[in-house]
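Student: Can we go through this protein together? I'd like to start with the charged pairs and then look at the core.

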Amino acid sequence: MERMEGESGGEASRYVLQQERLSNEDILICVDVDPESLVELKATGSNGRPLTRLDSIKQAILLFVNAKLTINPDHRFAFAILGKSASWLKKEFSNDVESAMAAVRGLSATSSSGPPDLTNLFKVAAHEAKKSRMQNRIFRVILVYCRSSVRPSYQWPETQRLFTLDVMYLHDKPGPENCPQTVYDTLVEALEHVSEYEGYILETGQGLIRIIFRHMCILLSHPQQRCIQDDLDIPKALTKKLPPAESMATEDSVPAPNQ
């Protein structure tokens, strides 16, 4: 973004975006399938049973894929799961919605496997990102993390930034056995450590499915078009919205003169 200079030499308050073609994205969606992904939310499904985090994650992913392909049908998706380490769920990147739906239906929780290591996820992402770059595409990882007291670990050179990392963190409220703030801080450090473009981290401990959907919609933003997250103001709080302009008085609102 460039500041435009006025003819008199003073700076104008107008900015112009440099023309740049946005790259198509290859997006690897990695879902934490720890038993904490089965925590129930404050919502019920059509069968009357409570929805779990994993249920809402599946719905949010399908919303994301359909919306992203509506924006640009040339984006592609693959899927992975995170237990103790990351492993493929669907390795081939594709823009086929039916293929994505089949992969999402295959998501299921596993037994507890100890603290997760993100190193393999980053290795896979870097390897795939190199292939994407050869096709003039960019690579992004969306990690959905569900553990309230277990911090992930990773080993990665800070100089190697080949992809962008986004994180959606679903957690319980703080308590004697939970330390979501500590986990969140670790996820922020990982994001800042590996991301090529501005990565976003979004969290919720409220157990509301609408917030999960809202977060996933924010992640629709293209990494090459993003502002820094500190400047992100979506959705705008009602208290920050401008008050409506005062309407002009009409004949109906003018009091009648005394007779």
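Predicted model: local features only at pLDDT ≥ 70, side-chain atom pairs only at ≥ 80, totals over all residues.

Student: How many salt bridges are found in the whole structure?

Tutor: A search of the whole structure turns up twelve. One of them pairs the side chains of Asp26 and Arg137, at 2.9 Å from N to O.

Student: Where in the chain do Asp26 and Arg137 sit?

Tutor: Asp26 is in strand 3, residues 25-32. Arg137 is in the loop between helix 3 (119-134) and strand 8 (138-145). They are 111 residues apart, so the pair links distant parts of the chain.

Student: Is Asp26 buried or exposed? And what about Arg137, buried or exposed?

Tutor: Asp26 counts as buried because its relative accessibility is 2%. Arg137 is at 10%, so it counts as buried too. The cut-off for buried is under 20%.

Student: OK, next pair. What does Glu158 form a salt bridge with?

Tutor: Its partner is Arg161, with the closest N and O atoms 3.5 Å apart. Glu158 has 48% relative accessibility, so it counts as partly exposed. Arg161 is partly exposed as well, at 30%.

Student: Which residue pairs with Asp166?

Tutor: Arg226 does, and the closest N and O atoms are 2.8 Å apart. This pair also links distant parts of the chain, 60 residues apart. Asp166 lies in strand 9 (residues 164-170), and Arg226 lies in the segment after helix 5 (209-218). Asp166 is buried, at 0% relative accessibility. Arg226 is buried at 13%.

Student: Switching topic. How many residues are in the largest nonpolar core?

Tutor: It has 34. Those that touch the most other members include Ile29, Phe64, Phe77 and Leu107.

Student: Which element gives the largest share of this core?

Tutor: Helix 1, with seven residues. Other elements supply at least two each, among them strand 3, strand 6 (76-82) and helix 2 (97-105).

Student: What does Phe77 touch?

Tutor: Leaving out residues up to four places away in sequence, its contacts include Ile27, Ile29, Phe64, Val65 and Leu69. Lys68, Lys90 and Glu92 are also among them.

Student: How many residues are in the second core?

Tutor: There are 31 in this separate core, including Ala126, Val141, Phe163 and Ala190.

Key
Residues numbered from 1 in each chain as written. Heavy atoms only, no water. Salt bridge = Lys/Arg side-chain N within 4 Å of Asp/Glu carboxyl O. Helix = DSSP H or I, 4+ residues; strand = E, 2+ residues; numbered from the N terminus. Buried < 20%, exposed > 50% of the residue type's maximum accessible area, 1.4 Å probe, protein only. Core = buried A, V, L, I, M, F, W, Y, C linked by side-chain atoms within 4.5 Å. Contact = heavy atoms within 4.5 Å.
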